[in-house]
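Subject: Structure for you to look at

Hello,

Here is the structure I promised to pass on. Please open it alongside this note, and my findings follow below.

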Amino acid sequence: MFCPVSKKVSYENEELALEALIQHHIRNFHQQDRGPRNIYECQHCGSWHFTSKGARHPELESDEVKQRIKKEQLGEYWERKLR
Ligand SMILES: [Zn+2]
């Protein structure tokens with residue numbers, strides 16, 4: 001699903017968008033300051049999108065999520081290497 005106005009991928013709600021944002025960081029090996037950093041509710045379509053502007057989502061700064069990203073990135077790394 002894409003937004004007709006922003007052409008971005010749409011997520012039904014905040015929770016799904018946040019989970020997708022975390023997954024995005026795991027899969028794309030973003031540096032700390034790169035890639036989409038937050039989510040927002042779209043005024044045009046009413047769903048949620050990523051944004052690379054502004055402050056990072058506080059969840060991305062939490063130790064729990066940071067550790068999860070690190071751990072799952074390591075898993076991704078080996079999976080790719082062994083493929
Ligand atoms: Zn939209």
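First, a definition: a residue is called buried if 20 or more other C-beta atoms lie within 10 Å of its own, exposed if 12 or fewer do, and partly exposed in between, with C-beta atoms placed from the backbone. By that rule Glu14 is partly exposed, because it has 13 C-beta neighbours inside 10 Å.

Two notes on the source. This is a predicted model, in which local features need pLDDT of at least 70 and side-chain atom pairs count only at pLDDT 80 or more, while totals for chains, interfaces and linings use all residues. Residues are numbered from 1 along each chain as its sequence is written.

Overall layout

The protein chain has three helices and two strands. Helices here are DSSP runs of H or I with at least four residues, strands are runs of E with at least two, and both are numbered from the N terminus. Along the sequence the pattern is α-β-β-α-α. The C-alpha atoms fill a box of roughly 40 × 30 × 20 Å along the principal axes. Of the 83 residues, 12% are buried. Two residues are in contact if their C-beta atoms, placed from the backbone, lie within 7 Å. Among contacts with a separation of 6 or more, 47% are between residues 24 or more positions apart.

Before the first helix

Lys7 sits in the segment before α1. Its phi is positive, about 65°, although Lys7 is not a glycine. Lys7 counts as exposed because it has 8 C-beta neighbours inside 10 Å.

Helix α1

Helix α1 covers residues 14–28, 15 residues in total. Its first and last C-alpha atoms are 21 Å apart, close to the 21 Å expected at 1.5 Å a residue. That expected span is 1.5 Å times one less than the number of residues. Which residues of α1 are buried? They are Ala17, Leu21 and His25. Seen down the helix axis, these buried residues fall within an arc of 80°, so they line one face of α1. The arc is taken from the directions that run from the helix axis to the C-beta atoms. The face turned away from the buried side carries the exposed residues Glu15, Gln23 and Arg27. The cover over the buried residues of α1 includes β1 (38–41), β2 (48–51) and α3 (63–82).

Glu14 also belongs to α1. Leaving out residues up to four places away in sequence, Glu14 touches Ile39 and Trp48. Glu14 and Gln73 are 59 residues apart in sequence, and their C-alpha atoms are 23 Å apart in space.

The hairpin

Strands β1 and β2 run antiparallel and are joined by four bridges. Two strands count as paired if DSSP finds at least two bridges between them. Tyr40 stands opposite His49 in β2. The bridge partner of Glu41 in β2 is Trp48. Six residues lie between the strands of this hairpin, and Gly46 takes a positive phi near 80°. As background, side chains in a regular strand alternate between the two faces of the sheet.

The core

What makes up the largest nonpolar core? Five residues do: Tyr11, Ala17, Leu21, Ile39 and Trp48. A nonpolar core is a set of buried Ala, Val, Leu, Ile, Met, Phe, Trp, Tyr and Cys residues joined through C-beta atoms within 7 Å. Take Trp48 as one of them. Setting aside neighbours within four places in sequence, Trp48 is in contact with Tyr11, Asn13, Glu14, Ala17, Ile39, Tyr40, Glu41 and Cys42.

Helix α3

The 20 residues of α3 should span 28 Å at 1.5 Å a residue, and the end C-alpha atoms are 29 Å apart, which agrees.

Arg68 is partly exposed, because 14 other C-beta atoms lie within 10 Å. Its C-alpha is separated by 9.0 Å from that of Ile22, 46 residues apart along the chain. Leu82 is exposed, because 6 other C-beta atoms lie within 10 Å. The C-alpha atoms of Leu82 and Glu64 are separated by 27 Å, at 18 residues apart along the chain.

Best wishes
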